[in-house]
Amino acid sequence: MGSSKKCIIEFTEFANDDLSKLSDSLRQECWDMLQKLENNIHLGKGLLDNGIRDLSDCFKLYFHNGEYRIIYLKKNGCYEIQGITATRNVAEIVGIGPREGYQVYDDVAKRLKRFLWFFKESIKE
């Protein structure tokens, strides 16, 4: 039963770039949190549709005293071994960055194309 909470971690290209921009000490704190996530895909708090960006299928984790966020999606990955198909939990990391100014949330919303239509006009890619 406990193994159903375990997951594999996958990074989007954007999240990989986010990780590379962190200082060594922040990157280590991030890795420590990702190891905890690997053991419990349900560790993060769910995000909401706040009327500006809809991240209601995303989850957040805090690190560096709550100043930074890891944003991820829960997915099921399928694989086949000797003709038997199985599923596994996947935490797809879609963003890593500072909470200040909601920047990490805006970055993720832009990446996932989740800004509401009236707000999209002001966001330039």
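Which residues does Leu43 touch, not counting residues up to four places away in sequence? Select Leu43 together with Met33, Lys36, Leu37, Leu61 and Tyr72: these are the residues it touches, a contact being heavy atoms within 4.5 Å. This is a predicted model, in which local features need pLDDT of at least 70, side-chain atom pairs count only at pLDDT 80 or more, and totals for chains, interfaces and linings use all residues. Residues are numbered from 1 along each chain as its sequence is written, and side-chain values use heavy atoms, with hydrogens and water left out.

Leu43 lies in the loop between helix H2 (24-39) and strand S2 (45-46); helices (H or I, at least four residues) and strands (E, at least two) are DSSP runs, numbered from the N terminus. Leu43 has a relative accessible area of 36%, so it is partly exposed; buried means under 20%, exposed over 50%, and partly exposed in between (1.4 Å probe, protein chains only).

Now zoom out to the protein chain. It has 4 helices and 5 strands, in the order β-α-α-β-β-β-β-α-α along the sequence. Of its 125 residues, 34% count as buried. Among contacts between residues at least 6 apart in sequence, 54% join residues at least 24 apart.

Next, look at the aromatic side chains. The structure holds 4 aromatic pairs, where rings of Phe, Tyr and Trp (its six-membered ring) pair if their centres lie within 6.5 Å; planes under 30 degrees apart count as stacked, over 60 as edge-to-face and the rest as tilted. Select Phe11 and Trp31: the ring centres are 5.9 Å apart and the planes stand at 65 degrees, so this pair is edge-to-face. Phe11 is in strand S1 (residues 8-11) and Trp31 in helix H2, 20 residues apart, and the pair links distant parts of the chain. Phe11 is partly exposed at 27% relative accessibility, and Trp31 is partly exposed at 39%.

Move to Tyr102 and Tyr105, a tilted pair with 6.2 Å centre to centre and 40 degrees between the planes.

Last, select Lys74 and Phe59. The charged end of Lys74 sits over the ring of Phe59, 4.1 Å from the ring centre; the criterion is NZ of Lys or CZ of Arg within 6 Å of the ring centre and within 35 degrees of the ring normal.
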